Amino acid sequence: MGRLAVIMTDFKEIAGKERGLYPINNRPVMEYVLESIPDEVEEIMISVLGEKEAEAYSPLADKFLARIYLAGDKMIGPQLASIMEECHGEDTFLVLPCDAPLLKMEYNSFLFDVCRKFSAAIPRTPDDKRYYLFSSYRSSEFLSAYNKSSTLEMDEIVSKMHNVLFINVNALKIFDDKLNMLLRVTSIEEARRAERIIKSKEKE
């Protein structure tokens, strides 16, 4: 079973910059995400909207030996299904957002390990907020559910999957006691917060 990682990038820009390229301590935010991907991953794919975005992300893709995938304006579910169908085989996919600079490699490795026994590993809050972009999925089970779904929404697709492990986010404090690894940089303010956290960790 292969291990692959997909980074989603089709999100609203920050101050006119592609979300994943917004600087955090003078580095693109997505560079931190790429550094959190475990060494055992066989292929990294950066899913982008179109050619303009592909060109913008190509330097990072080259640096981390990642492949650019042109997704168009597909929703998350169809994007994943298209990538999985293209890759063939029985694989496990780690799915991450491009804007989470505090992700931890240990957490990402854990998601892969969970999929040895389960068809997916998805963090969830007590009030059922699901983190589909901080999750892992077995391709065969995901595609089977996708083909049975009446809508393209992730809630519907996942409801058709069997043997899914929903992980209470509070249990993830073993990786990060403040759960900062789930922080997504969606604004200038959150970028500054992420910078402060990274700088404080560097001083420890």
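A pocket here is an open set of grid points, on a 1 Å grid over the protein atoms alone, with protein on both sides within 12 Å along at least five of seven lines. The model is predicted.

The largest pocket has a volume of about 260 Å³. H7 provides the largest share, three residues. In total, 13 residues line the pocket. Those nearest its centre are Tyr 32, Glu 35, Pro 101, Leu 102 and Leu 103. The lining splits by class as follows.

| Class in the lining of the largest pocket | Residues |
|---|---|
| Nonpolar | six |
| Polar | one |
| Charged | six |

**Nonpolar cores**

The largest nonpolar core holds 60 residues. Met 30, Leu 80, Tyr 137 and Phe 142 touch the most other members. Strand E1 (residues 2–8) gives the largest share of this core, five residues. Leu 80 touches Val 6, Met 8, Val 95, Tyr 137, Phe 142 and Met 154, leaving aside residues up to four places away in sequence. A second core is separate and has twelve residues, including Ile 14, Ile 24, Tyr 32 and Ala 191.

**Arg 138**

Arg 138 sits in strand E8 (residues 135–138). Is Arg 138 buried or exposed? Arg 138 counts as buried because its relative accessibility is 13%, and the cut-off for buried is under 20%. A polar atom of the Arg 138 side chain lies 2.5 Å from the backbone oxygen of Arg 116.

Definitions and conventions. Residues are numbered from 1 along each chain as its sequence is written. This is a predicted model: local features need pLDDT of at least 70, side-chain atom pairs count only at pLDDT 80 or more; totals for chains, interfaces and linings use all residues. Side-chain values use heavy atoms; hydrogens and water are left out. Helices (H or I, at least four residues) and strands (E, at least two) are DSSP runs, numbered from the N terminus. Buried means under 20% relative accessible area, exposed over 50%, partly exposed in between (1.4 Å probe, protein chains only). A polar contact is a pair of N or O atoms within 3.5 Å; within protein, one must be able to donate a hydrogen and the other to accept it, and residues adjacent in sequence count only if both atoms are side-chain atoms. On a 1 Å grid over the protein atoms alone, a cavity is a set of points where a 1.4 Å probe fits but cannot get out, and a pocket is an open set with protein on both sides within 12 Å along at least five of seven lines; lining residues have an atom within 4 Å of a point. Grid points are joined across faces, edges and corners, and a volume is the space filled by probe spheres set on the points. Ala, Val, Leu, Ile, Met, Phe, Trp, Tyr, Cys and Pro count as nonpolar, Asp, Glu, Lys and Arg as charged, and the others, Gly among them, as polar. A nonpolar core is a set of buried Ala, Val, Leu, Ile, Met, Phe, Trp, Tyr and Cys residues joined through side-chain atoms within 4.5 Å. Contact means heavy atoms within 4.5 Å.
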